[in-house]
Amino acid sequence: MAERILIVEDEKSIARVLELELTFEGYKTGVAHTGAEGLILFREQEWDLVLLDLMLPEIHGLDVLKRIRSSDAGIPVILLTAKSDVKDKVAGLDLGANDYVTKPFEIEELLARIRANLRLSTGNGQMDIHRFGNLEMNESTRAVSRNGRGIELTPREFDLLLYLLQNAKQVLSREQVLNAVWGYDYFGDTNVIDVYIRYLRKKVDAGESETYIQTVRGVGYVLKEQANETEK
């Protein structure tokens, strides 16, 4: 089955060239000329990759990227940027973009980047996606979401949640967590685990009907589904 690529580009001449070239290469395409239109198409149809211009009318490309990542942490997104958009390039990569191409670009270079990103997303790159219930983490892009809601984590919070996801439904002792996340050479207060678990709960479980991060008294912690008592 042909892979589907969404083109979000306000310059109609560029969008048309991309559409023709990608169609010629055997891809299925969709085209949007505004950020709002791009989000509508993204939500209404299934896509394998997004080509996203940054300077878009109605909704800026970075905001489009944020919304894409809040609902899909794994789909490859390649930014189309101007040479002067250095800060936006960095911001886009920090928000989870997989790659960028600077305008004007050679179509062969863009096609090569598309092929590379599609290989990653359909091959070993899928190993970087961790899911538990409606919680999803992309280890490569470090994007985390629950029920479509993007979750911002510090590096330590991310590492802690990753360890819990990798060992979902297994009761983990505080010593196991400390050694895996903080390292064997950590000599600080072990209460740091309790503090970070509390931070994670506020971000991951807040407002949800199910509590995922649970305490096992006298032992440690476990990631499993359980009704949130405050929601009953």
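The structure is a predicted model, in which local features need pLDDT of at least 70 and side-chain atom pairs count only at pLDDT 80 or more, while totals for chains, interfaces and linings use all residues. Residues are numbered from 1 along each chain as its sequence is written, and side-chain values use heavy atoms, with hydrogens and water left out.

The chain has eight helices and twelve strands; these are DSSP runs numbered from the N terminus, helices being H or I with at least four residues and strands E with at least two. Of its 232 residues, 44% count as buried. Here buried means under 20% relative accessible area, exposed means over 50%, and partly exposed lies in between, with a 1.4 Å probe and protein chains only. The accessible surface comes to about 12300 Å², and carbon and sulfur atoms hold 49% of this area; areas come from the Shrake-Rupley method with a 1.4 Å probe, and for residues only the protein chains shown count as cover. Among contacts (heavy atoms within 4.5 Å) with a separation of 6 or more, 55% join residues 24 or more positions apart.

Turning to the aromatic rings, the structure holds three aromatic pairs. Rings of Phe, Tyr and Trp (its six-membered ring) pair if their centres lie within 6.5 Å, and planes under 30 degrees apart count as stacked, over 60 as edge-to-face and the rest as tilted. Phe132 and Tyr212 form an edge-to-face pair, 5.0 Å centre to centre with 85 degrees between the planes. Because Phe132 lies in strand β6 (residues 129-132) and Tyr212 in strand β11 (residues 210-216), this pair ties together parts that are 80 residues apart in sequence. Both partners are buried: Phe132 has 8% relative accessibility and Tyr212 has 1%.

The pair of Tyr196 and Tyr199 is also edge-to-face, because the ring centres are 5.3 Å apart and the planes stand at 75 degrees. Both residues belong to helix α8 (residues 191-204), where they are three residues apart, about one turn of the helix. Tyr196 is partly exposed at 22% relative accessibility, and Tyr199 is partly exposed at 36%. Ring pairs link these two tyrosines, Tyr196 and Tyr199, with Trp182 into a cluster.

Charged side chains also meet rings. A charge sits over a ring if NZ of Lys or CZ of Arg is within 6 Å of the ring centre and within 35 degrees of the ring normal. The charged end of Arg4 sits over the ring of Trp47, 4.5 Å from its centre, and Arg142 lies over the face of Phe158, at 3.9 Å from the ring centre.
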